[in-house]
Structure formats: structure tokens, C-alpha cells
Amino acid sequence: MASLWQYANPQKFVQTTGAVLPALAVLTALALIAGLVWGFFFTPDDFRQGSTVKIIYLHVPAALMAINAWLMMLVASLIWLVRRHHVSALAARAAAPVGLTMTVIALLTGAIWGQPMWGTWWAWDPRLTSFLILGLFYLGYIALWAAIEDPDAAADLTAVLCMVGSVFAVLSRYAVNFWNQGLHQGASLSMDAEENVADVFYFPLLVCIAGFVLLFVTLVLLRTRTEIRARRIKALLARERMA
Amino acid sequence: MIALLSRDLALAVRAGGGFGLGLAFFLIVTVLVPFGVGPESATLSRIAPGILWVGALLACLLSLDRIFALDYEDGSLDLLATAPVPLEGVVAMKAAAHWVTTGLPLVLAAPVLGVLLNLAPAAMGWLVLGLGLGTPALSMIGAFGAALTVGLKRGGLLLSLLVLPLYVPTLIFGAELVARGAAGQVTATPAAMLAAITLATCALLPFAAAAALRVNLR
């Protein structure tokens with residue numbers, strides 16, 4: 001019977017993703033090009049923010065994916081801990097640098113936007129601060145993966161760290177809320193809010209978000225394949241030494 | 001478990017070095033700050049809560065890798081893992097011993113250093129209370145970090161990278177408690193949050209740390 005778990009077999013995973021990846025890459029490129037070109041060249045300037053509003057097409061999707069990447073790592077870590085599927089652990093490992101990059105993109109674009117708008121590159125605002133802390137969590141997670149030699153122990157320990165880190169990341173988010181009042185505006189798009197951004201900005205933004213989601217999936221699949229191959233090479237080398 | 005606690009305490013006291021070192025470090029950090037920011041007492045009393053908390057945090061960090069490293073090297077951690085006492089209990093006792101040897105002296109020394117930094121007298125009690133409530137969480141989180149990195153050759157730097165972000169909530173509420181105490185504002189909220197963090201970490205993190213230790217001893 002076909003189920004999600006058949007992709008726990010590395011062979012099957014590499015086969016399937018190999019077939020899917022080219023299409024996924026093309027889709028990613030299409031969505032990103034369409035969304036960014038639409039956003040950058042075919043939307044009006046905001047009446048107060050001028051053309052700086054257009055940085056939203058990078059900032060919001062990157063920030064969204066930075067958080068969701070950690071969420072994906074959490075799920076993958078849980079699957080690894082419960083069902084011991086190696087592909088899952090490798091996917092979590094593969095997602096971390098992508099998530100870190102997204103965090104950095106969100107922080108940098110935010111700073112570039114904040115300089116003309118808020119008059120400062122950086123403010124100790126709850127959202128900004130908790131993103132910085134999220135970046136530190138990514139760094140620690142990646143460093144722990146890199147430091148431990150035994151692959152299974154590394155997968156176990158990073159999975160535990162990911163779970164504990166998730167709790168503390170959420171806790172930090174609310175603690176910094178308590179600590180300082182915000183400069184950052186509220187959510188600019190959500191399902192139920194009355195005050196979303198205007199439709200002119202909204203639709204290209206949705207395309208950009210789709211593009212970033214696809215980009216993330218593509219990169220993670222690609223990196224997971226690389227990890228699987230790297231591990232296979234290591235196993236082959238070990239077997240050669242034994243012979 | 002009591003025997004384990006007294007063993008760890010005896011080791012810490014008799015081996016020397018570990019016991020007073022954190023305290024001396026705390027003292028030096030506090031003494032260095034006025035050299036960095038200047039001797040104006042208004043400035044100092046403004047930043048004193050933060051400095052004292054960051055100093056306590058760093059002093060605590062200094063001795064974290066000793067929690068499990070020595071026992072790991074000489075093999076007694078393997079014995080403890082196979083002992084009838086659950087490993088979670090061992091972790092909790094190790095963290096408690098770490099707190100008694102580093103956290104408790106810091107709590108007791110903090111008022112003296114508060115005077116050095118010209119902390120408002122009204123905030124003294126809140127400083128001691130806050131450190132007393134918060135430092136057990138620091139030890140417990142640190143024990144978790146130490147359990148993660150115990151098998152590594154040079155785990156010290158990695159340990160601080162892993163543990164310091166986890167200290168953020170404790171630091172925020174701890175410093176806020178002292179700052180509010182100094183300003184004469186309501187202190188119940190940060191105090192309650194601090195206590196909640198400590199209780200939650202003491203209740204849950206031993207399991208995570210014990211899981212990490214089992215992996216490292218495998």
C-alpha cells in the first residue's frame with residue numbers, strides 16, 4: 001500500500017525526488033520571477049512609504065519561511081525520534097541552513113527598509129529581537145550537527161535540542177513582548193484580519209510567498225539528496241577499508 | 001539521590017577551583033563594568049540590574065561543562081546510568097549540586113556587588129529574590145546543555161552557543177524584576193514568571209537531559 005512512509009526508504013526517496021525536482025525547480029523559478037517582477041515593476045508606490053514598500057516581497061515571505069523551516073525541522077525531528085527514519089533526520093539537517101538564510105534575509109531586508117522608514121537600522125523591538133534569537137537557535141542547531149561525529153547520535157541530540165529549542169523560542173517570543181514595546185507593525189496579511197494590505201500589493205505578495213515555499217521545498221529536497229549521497233559515499237569508503 | 005548530591009558537593013568543595021571560581025569571576029565582571037562605562041553613579045545604578053544578571057549568567061556558564069565531563073571521563077557516569085536511581089534523578093541532582101556550588105554563592109554575594117554598582121536599596125531584596133528564583137533554572141538548562149555536549153572533545157564553546165539563547169527568558173524576567181523593584185513598580189508579574197520558568201525547567205528538562213545522556217553513553 002502506498003503511504004508517506006515508503007519515502008523513508010532512501011532509495012525510493014532519491015528516485016522520486018529526482019523525478020520531481022526539475023519540475024519543482026522550474027515552478028519555483030516561475031513563481032519567484034513572476035511574483036518579484038510583478039511586485040517590483042507593476043505595483044504602484046505606497047503613498048507614504050514610496051518605493052521602499054516593495055521590499056515586502058522579499059521580507060514577508062522570507063520571515064514566514066524562517067519560522068516554518070523551524071517547524072518543519074521540529075516535525076522531522078519528532079518523526080526521527082519516534083520512527084527512526086534516517087531520511088527524516090537528514091531532512092531536518094538539510095533544512096537548518098536554509099532556515100538560517102531565510103532568517104538573515106528577513107533581518108537584512110527589514111534593516112534596509114527600517115533605515116528610511118523608522119530612521120534606524122535596528123531597534124530592540126520584540127519581533128526583531130525574537131528573530132535574532134531564532135537565528136541563534138539555528139546557529140546552535142547547525143553547530144551541534146557539525147560537532148558530533150557519530151551520525152545517529154548527532155541526529156538524536158539535535159532532535160532533542162530542536163524540541164527544547166522550540167519551547168524556548170516560543171517562550172522568548174512572549175518574554176521579549178513583555179520586555180519592550182514594539183516598533184514593528186502588526187501582521188499585514190492574515191485570514192481573518194480586517195486590515196490587510198491593499199489588494200494591489202496583496203496578490204503579488206501571495207505569488208512571492210508561493211515562490212518562497214517552493215524554493216524552500218526544492219532546496220531542502222536537493223540538500224537531503226546530497227546528504228543521503230554523502231552518507232552513502234561514507235559507507236562505501238568504510239566498506240572498502242574493511243575489504 | 002541524597003548520597004549523590006553530597007558526593008557531588010564534597011567533590012566540588014575538596015577538588016577546589018570550581019567552587020570559588022564562579023564567584024571570583026562574578027566579582028571581576030562587576031568590577032570591570034565601571035571601568036568600561038565610567039564611574040558616574042547614576043549610569044551605574046541604571047544598568048546595575050542588567051550587569052548583575054549577565055554576570056551571574058556568565059559565571060554560571062563557566063562551570064557548566066564540569067557537571068558531567070569529569071564523571072564521563074572516569075566512567076562513573078556509566079555506573080550512574082546503570083544504577084537503580086533513574087537517570088532523570090541523577091541529572092536533577094547534578095543540576096542541584098551545580099546550583100549549590102555556583103548559583104547559591106552568587107545569590108548571597110549579589111547584594112555586596114549591588115552596593116558596588118550603586119543599585120537602589122529598594123531593589124536589593126528583589127535582586128536576591130530574583131537570583132534565588134532564577135539561578136536554579138540557569139543550572140537546570142545548563143545541565144541539559146552539558147548533557148548534549150558531554151561526549152565532545154571541545155564542547156565548551158559549543159555549550160555556550162547552545163545554552164545562552166535558552167537563557168534569554170530567564171534573563172529578561174530577572175532583570176525586569178530588579179529594574180521594577182528599583183523603580184518601585186509592581187513586581188509580582190516578573191517574579192511569578194521567573195518562578196514559573198524555574199519550576200517548568202526543573203520539571204521537564206531532566207527528561208530531555210537524561211535522553212541526551214543516554215545517547216551519549218550509547
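Mentor: Start at the N terminus of chain B: the elements run α-α-α-α-α-α-α-α-α-α. Keep in mind that this is a predicted model.

Trainee: How many helices and strands does that come to in chain B?
Mentor: Ten helices and zero strands.

Trainee: What share of chain B is buried?
Mentor: 52% of the 218 residues.

Trainee: New topic. How many residues of chain B are in contact with chain A?
Mentor: 19 residues of chain B, against 22 residues of chain A. Helices 7, 8, 9 and 10 of chain B each supply at least two residues of that side. The side divides into 16 nonpolar, one polar and two charged residues.

Trainee: How do helix 5 of chain A and helix 9 of chain B cross?
Mentor: Their axes come within 8 Å and cross at roughly 25°. An angle under 35 degrees counts as roughly parallel, so that is what these two helices are. The crossing is left-handed.

Trainee: Which residues meet there?
Mentor: Among them are Phe168(A), Leu171(A) and Trp179(A) from helix 5 of chain A, and Val168(B), Ile172(B) and Phe173(B) from helix 9 of chain B. The residues of this contact divide into ten nonpolar, one polar and one charged.

Technical notes: Residues numbered from 1 in each chain as written. Chains lettered and ligands numbered in written order. Predicted model: local features only at pLDDT ≥ 70, side-chain atom pairs only at ≥ 80, totals over all residues. Helix = DSSP H or I, 4+ residues; strand = E, 2+ residues; numbered from the N terminus. Buried ≥ 20, exposed ≤ 12 C-beta atoms within 10 Å, placed from the backbone. Contact = placed C-beta atoms within 7 Å. Nonpolar A, V, L, I, M, F, W, Y, C, P; charged D, E, K, R; others polar. Axes fitted to C-alpha atoms, helices over the stretch in contact; angles between N-to-C directions. Parallel < 35°, antiparallel > 145°, perpendicular 65-115°, else oblique. Left-handed = near helix turned anticlockwise from the far one by under 90°.
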